[in-house]
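Let's take a walk through a protein model together. Have a look at the sequence and the 3D view before reading on.

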Amino acid sequence: MAHVVLNDLVKTYGAFKAVNNVSLTINDGEFVALVGPSGCGKTTTLNLVAGLTSVSSGEIVIGDRVVNDLDPKDRDIAMVFQNYALYPQKSVYKNLAFPLQMRKLPSDEIDKKVREAARVLDMTQLLERKPRELSGGQQQRVALGRALVRDPAVFLMDEPLSNLDAKLRVQMRSEIKRFHQDLKATIIYVTHDQLEAVTMADRMAVMSGGYLQQYDTPAQVFAHPVNMFVASFIGSPAMSLVPVEASTEEGAPVLIGAEGWRLQLSPHNAQKVAKAKTKKVVLGARHSTIKLHKSAVPGSIPARAYTVEPTGDITFVQAFLSGAIVNVSVPPTVAVAPDEQIWLEFDQDRMHLFDGETEMALQAS
Amino acid sequence: MTAMTDTVARRPSSRRRQIDGWRWSGRIFLVFMLLYTALPMVWMLITSIKSGFAAMQFPPQWWPDQPTLASYEKLLDPQNSVGQDFLHFFWNSLFVSTTTTILSVIVAVPAAYAFSRFTFPGRNFLFFAVLLRNMFPAVIFLVPLFILMRAIGLVNTHGSLVLTYLTFGLPLAIWLLKGFYDNIPVQLEQAARIDGATRFQAFVLIVMPLSTPGIIATAIYSFIGAWNEYIYAYTFLSKNEQLTLPVGIQRFFSENTTDFPGLMAASFMMSVPVVVLFLLLQRYFVRALTEGAVKH
């Protein structure tokens, strides 16, 4: 196993910059997820690490070697593809043996390793089948087996679960996590599904528009998103973002909504707003940090329920506030009707405030 | 009410009758087409086992009174001049067609792969330029190509034919194979390269075996094209010992009196390699032509 360092990595296609000065350090044995919407540069970044795409500028280090100019085969990596990329004309056994044959291992050793991998992944009885005779989950497992049979320095995974149905995806998610724990493998995992990233990764790199937005543990990214993009991308349902205006009334800073309501701020939040360079502020709150009241309480804001979505153990209420939709979760015992007048109370300690112009999180100090 | 039940009850049967009508006219049409293509060949075969006299009779003998393999014996006998010439022509055709086929595959496979996988300046222009030759009737190029061949000293050589047939066969071969390579996910090669193969190994070990049906179809197409070609062979070659079968047969049997059984026997033997090749490999051929028609 080995660590991976990306130094100021850039990939351009003509005038288009697919990857913009991305710098990342992935520690030995760490599971890092590259996450972002399609076209954010995450797959390109992975292909750069794999050597399938050439680097425009910057540096890639695997272990202690700069691998920029090495062929994929010389980088000591293994990759699992979204469509698995199993060799269709080869049996499962030969698929697993291929990377070993290419490295000219003696055939008795190949046989031993292939059978060991098959045993670990519980597919000994499938060895003679062709890929097309396997289910999606089994193909997935063969792809994983072909990666681990060689014991590479780094595993690269490009959306390995997105072709599976929802149930199997959850199951394979825990299998891959288990696989990482058992092998202490260094894994770079690309996904557009923030839930996969949050549940599996030690650290996640959120990307957008070719830029690295934030690189931290899932808990940190969830609790302290650096900007509005990360805030809205991580977490489901997405964080509600309400545009408001910062002002001062009777010496105290307040937020004023489009409907004219006022929200008093805690000293900590007031400090953040005071440091802002603009009056345009965006208030962010996750559904679980907003309380719904049926009558006005001090510090609450009036709103009107728009839709109500019961999911069983939790009911989501959407309300319009200052031109934005706010998501609130309530216990299923609370009955809310569409168009009903409600009052929302924000948890000041878990509230997020963003600069309305730069979209960056406001800092208290 | 009665009228309604009536129509409801009658509809299925009337619809079935309609389908049957179409089905039967379709069958009749297909039988007609089958006869249209097969009967001349049957007649060729029957004539080839007649004597010269029986072949000229009218009304014709539908089945020869005295079937004979004399024409075949004559053609395949290296002792007499007819047999010598025929075997010579056969060998010439085989040589020209095989060489064309091998070269065509050698050129078309990497060319199609490059068109499919790489981006390079002028890619689209080149790709359509490849088709330019096929937009004109072959005869148009007869005289220019003859002048060209004379200039480079290839008239009266089999090389002139191989070169010409390549220019005819390659465009379709490249297009056909490119479709094949487009359908092979690029991730397979990427996986192979990560698994330890060079780009070339990934191509030879993973991509080539997957495109075998396409390569076989391409080969059959080139072979048949070269095997049957007449007008260029007729123009470029004048020495008797170099002639290919289509020209050879035609010249050979019209020199004195037309020996119809001999001509038919020669024609039959000429069609044998193509038919055998096609029967052996037809499943690849069909697969190649329908590849990509439906998503797997």
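This is a predicted model: local features need pLDDT of at least 70, side-chain atom pairs count only at pLDDT 80 or more; totals for chains, interfaces and linings use all residues.

Residues are numbered from 1 along each chain as its sequence is written, and chains are lettered from A and ligands numbered from 1 in the order in which they are written.

Chain A has nine helices and 20 strands; here helices (H or I, at least four residues) and strands (E, at least two) are DSSP runs, numbered from the N terminus. Its C-alpha atoms fill a box of roughly 80 × 45 × 35 Å, taken along the principal axes. Of the 365 residues in chain A, 41% are buried, meaning that 20 or more other C-beta atoms, placed from the backbone, lie within 10 Å of a residue's own.

Now for the inside. In soluble globular proteins, nonpolar side chains tend to be buried together. A nonpolar core is a set of buried Ala, Val, Leu, Ile, Met, Phe, Trp, Tyr and Cys residues joined through C-beta atoms within 7 Å. The largest one here has 115 residues, and Met79(A) and Leu156(A) are among those touching the most other members. Helix 2 (residues 92-102) of chain A gives the most to this core, with six residues. Why does the core lie between domain 1 (4-225) and domain 2 (240-355) of chain A? Both domains give residues to this core, so it lies between them; the domain bounds come from an automatic or database domain assignment.

Next, look at where the chains meet. Counting two residues as in contact if their C-beta atoms, placed from the backbone, lie within 7 Å, 18 residues of chain A are in contact with 14 residues of chain B. Strand 6 (77-80) and helix 2 of chain A each give two or more residues to this side of chain A. Leaving aside neighbours within four places in sequence, the contacts of Met79(A) include Ala191(B) and Ile194(B).

Finally, follow some strands. Strand 11 (residues 240-249) and strand 12 (residues 252-256) of chain A run antiparallel, joined by five bridges; strands count as paired if DSSP finds at least two bridges between them. They form a hairpin with two residues between them, and Glu250(A) in the turn has a positive phi of about 55°. Strand 12 also pairs with strand 13 (residues 262-264) of chain A in the antiparallel sense, over three bridges. Leu255(A) stands opposite Leu263(A) there.

Note on methods
A residue is buried if 20 or more other C-beta atoms lie within 10 Å of its own, exposed if 12 or fewer, and partly exposed in between; C-beta atoms are placed from the backbone.
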